[in-house]
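Trainee: I would like to learn how to read helix packing and salt bridges in a model. Could you walk me through an example?

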Amino acid sequence: MKRALITGVTGQDGSYLAEHLLSLGYEVHALVRRVALEDPAHRFTRIRHVMERVTLHAASLESYPSIFHVVSRNEFDECYHLAAQSFVAESFADGFSTMNTNINGTHYMLAALRELQPRCRFYFAGSSEMFGKVREVPQRETTSFHPRSPYGISKVAGFDLTRNYREAYGMFCVSGMLFNHESPRRGYEFVTRKITSTAAKIRAGLAPELWLGNLDAKRDWGHAKDYVRAMYLMLQQPEPDDYVVATGETHTVREFCERAFAEVGLDYQPYVRVDERLYRPAEVDLLVGDATKAREVLGWEPEYSFEGLITEMVREDLKALGGAETPAAPRAL
Ligand code: F7E
């Protein structure tokens with residue numbers, strides 16, 4: 001039985017990945033912050049259904065000794081490093097903590113594995129935000145980076161660290177360059193979930209309107225469930241390499257609104273309002289990925305369409321309103 005370690009297991013991707021690895025017969029371990037262990041009712045909502053089957057270890061990405069401690073006491077075949085401050089807008093508000101957590105956290109994981117378990121395979125959650133102000137369309141593995149936020153910069157650093165551990169120490173270290181991926185488990189601060197949860201509330205008469213920033217930004221949106229399969233496949237290859245994971249389709253935030261509101265039987269236009277304070281200091285205008293390499297080498301194919309993703313998200317948000325109330329979508333980015 002293979003043993004995997006996941007960081008970021010309480011997030012959207014970590015929860016789907018834990019499910020996927022468990023379904024393949026893996027023994028799944030995860031690093032979680034002590035504050036999360038002290039507040040399981042709130043912090044573990046996404047993994048509640050698999051909690052009994054996942055071994056949790058308390059550690060902080062800000063503390064090398066805590067990571068070293070866990071890695072020194074357990075042997076892992078694979079490590080999926082997903083934990084990060086992942087909200088781009090927040091990285092403008094506090095670039096220092098985003099950099100600290102994202103860059104040092106990745107470096108600590110790599111350094112501990114190199115020291116104690118150099119044969120453990122390592123996956124780094126790279127991002128399309130590394131392409132930023134894009135140099136070519138669509139973006140592929142060879143496209144050069146031009147990050148536009150502290151978050152994007154931290155991901156470029158993590159990508160470079162991962163490649164350097166591969167080249168300098170011969171470790172099996174890979175990065176997935178994942179484009180936006182969403183699901184009913186997406187955090188409410190991200191634009192897709194903000195739209196689907198608020199459209200459901202407006203339909204139910206629980207919210208009057210939806211305040212957004214830049215409606216013209218274009219993103220390549222896939223489903224997180226499809227994308228965690230690609231992470232797993234990257235670690236099963238004979239040689240370590242980096243891969244773009246994307247649908248190859250791009251849509252504006254406006255189109256996402258149109259479709260999500262149509263799903264609840266409404267025209268988005270009277271309800272969506274623009275607040276320029278929600279614009280970012282530097283925007284990534286257009287993202288669309290070319291996942292040919294992932295399709296050809298990994299045999300990866302996404303199962304969800306853009307429409308299917310939105311339908312599932314809206315339905316789950318409507319369902320949630322029938323029971324517990326969803327939190328209000330945040331006004332401030
Ligand atoms: O923004 C625009 C916003 O916050 C998408 C993360 O998972 O994907 C994600 O990063 C777009 C941007 O995601 C609002 O300006 C308009 O152009 O959903 P988002 P993101 O920044 O693309 C990448 C791949 C990651 O790696 C990240 O970790 O939507 N937008 N109005 C808005 N965005 C938000 N959040 N809220 C608005 O009101």
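Mentor: Happy to! Keep in mind that this is a predicted model. Let us begin with a helix contact, where the general idea is to list the residues on each side. From α8, Thr192, Arg193, Thr196, Ser197, Ala200, Lys201 and Arg203 take part, and they meet Met313, Val314, Asp317, Leu318 and Leu321 of α12.

Trainee: What classes do the residues of the contact of α8 with α12 divide into?

Mentor: There are five nonpolar, three polar and four charged residues in the contact of α8 with α12.

Trainee: At what angle do α8 and α12 pack, and how far apart are their axes?

Mentor: The angle is about 50°, and the axes of α8 and α12 are 9 Å apart. To put a word on such an angle, remember that values under 35 degrees count as roughly parallel and 65 to 115 as roughly perpendicular. The helices α8 and α12 are therefore oblique to each other. As for handedness, α8 and α12 cross in a right-handed way.

Trainee: Let me try the next pair. How do the axes of helix α4 and helix α6 cross?

Mentor: Helix α4 (residues 64-73) and helix α6 (residues 95-116) cross at roughly 40°, their axes coming within 9 Å. That makes α4 and α6 oblique to each other too, and their crossing is right-handed. On the α4 side, the contact is made by Tyr64, Ile67, Phe68, Val71 and Ser72, while α6 supplies Tyr108, Met109, Ala111, Ala112, Leu113, Glu115 and Leu116. By class, the contact of α4 with α6 has ten nonpolar residues, one polar and one charged.

Trainee: Now for charges. How many salt bridges does the structure hold?

Mentor: The structure holds 20 salt bridges. The criterion you need is a side-chain nitrogen of Lys or Arg within 4 Å of a carboxyl oxygen of Asp or Glu. One of them joins the side chains of Asp160 and Arg163, with an N to O distance of 3.0 Å.

Trainee: Where do Asp160 and Arg163 lie?

Mentor: Both belong to helix α7 (residues 150-169), and Asp160 and Arg163 are three residues apart, about one turn of the helix.

Trainee: Which parts does the pair of Glu209 and Arg273 tie together?

Mentor: Start with the bridge: the side chains of Glu209 and Arg273 meet at 2.9 Å, N to O. Glu209 lies in the loop between α8 (191-203) and β8 (210-212), whereas Arg273 is in strand β13 (residues 272-274), so the pair ties together parts that are 64 residues apart in sequence. Glu209 is partly exposed at 27%, and Arg273 is partly exposed at 38%.

Trainee: And Glu316 with Lys319: how far apart are the closest N and O atoms?

Mentor: They are 3.1 Å apart in the salt bridge between Glu316 and Lys319. Because Glu316 and Lys319 are three residues apart in helix α12 (residues 306-322), about one helical turn separates them. Glu316 is partly exposed, with a relative accessible area of 33%, but Lys319 counts as exposed at 59%.

Trainee: Which residues do salt bridges that share partners join into one network?

Mentor: Glu129, Arg219 and Glu283 are joined in that way.

Conventions. Residues are numbered from 1 along each chain as its sequence is written. This is a predicted model: local features need pLDDT of at least 70, side-chain atom pairs count only at pLDDT 80 or more; totals for chains, interfaces and linings use all residues. Side-chain values use heavy atoms; hydrogens and water are left out. Helices (H or I, at least four residues) and strands (E, at least two) are DSSP runs, numbered from the N terminus. Buried means under 20% relative accessible area, exposed over 50%, partly exposed in between (1.4 Å probe, protein chains only). Axes are lines fitted to C-alpha atoms, for helices over the stretch in contact, and angles run from 0 to 180 degrees between N-to-C directions. Angles under 35 degrees count as roughly parallel, over 145 as roughly antiparallel, 65 to 115 as roughly perpendicular and the rest as oblique. A crossing is left-handed if the near helix is turned anticlockwise from the far one by less than a right angle, and right-handed if clockwise. Contact means heavy atoms within 4.5 Å. Ala, Val, Leu, Ile, Met, Phe, Trp, Tyr, Cys and Pro count as nonpolar, Asp, Glu, Lys and Arg as charged, and the others, Gly among them, as polar.
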